[in-house]
Amino acid sequence: MKGSIISGAIHGFLAVALGAFAAHALEDLLDDYSAGIWDTAIQYQMFHATALILVGILMSKAIFGEVKQLKIAMFCFNAGIIIFAGSLMVLALTGIGILGAITPIGGVFFLVGWIMIITAVVKKTQ
């Protein structure tokens, strides 16, 4: 529970900091296309930072507890942020196109994380 909330807060902090960094320090370096890629990375990082905090709340003893599916969701969201958002940020900065092939792996981690939340809720409410 604590790890999910802390990692969500760290990712949320980084999303705000990296978004501000791009808006100020990178505005002359990124063209419109690269800035759009950066923005997508930041959006998905923040969405899933929030999801990590939600998973941490769901893991409280008063709700579901630390069930296996929620632990998997926590792992998947963290991995997804690093792979999806990270590869997009590096792509935006470097223009290395092959990184676009890595990004979907992070997206799959996001999808599995959401499925794990659904699974945890269904199993717990039966």
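**Aromatic pairs**

Modeller: The structure, a predicted model, holds six aromatic pairs.

Biologist: Of which kind is the pair of tyrosine 44 and phenylalanine 47?

Modeller: A pair of aromatic rings is described by the distance of the centres and the angle of the planes. For tyrosine 44 and phenylalanine 47 the centres lie 5.8 Å apart and the planes stand at 65 degrees. Planes over 60 degrees apart count as edge-to-face, so this pair is edge-to-face.

Biologist: By about how much of the helix are tyrosine 44 and phenylalanine 47 separated?

Modeller: Both residues belong to helix 2, which covers residues 32-58. They are three residues apart there, so the separation is about one helical turn.

Biologist: Is tyrosine 44 buried, exposed or partly exposed?

Modeller: The relative accessible area of tyrosine 44 is 33%. Buried means under 20% and exposed means over 50%, so tyrosine 44 is partly exposed.

Biologist: Tyrosine 44 also pairs with phenylalanine 110. How many residues apart are the two in the chain?

Modeller: This pair is stacked, with 6.2 Å from centre to centre and 20 degrees between the planes. Tyrosine 44 lies in helix 2 and phenylalanine 110 in helix 4 (residues 103-124). The pair thus links distant parts of the chain, 66 residues apart.

Biologist: Is phenylalanine 110 buried or exposed?

Modeller: Its relative accessibility is 4%. Buried means under 20%, so phenylalanine 110 counts as buried.

How values were computed: Residues numbered from 1 in each chain as written. Predicted model: local features only at pLDDT ≥ 70, side-chain atom pairs only at ≥ 80, totals over all residues. Heavy atoms only, no water. Phe/Tyr/Trp six-rings, centres within 6.5 Å; stacked < 30°, edge-to-face > 60°. Helix = DSSP H or I, 4+ residues; strand = E, 2+ residues; numbered from the N terminus. Buried < 20%, exposed > 50% of the residue type's maximum accessible area, 1.4 Å probe, protein only.
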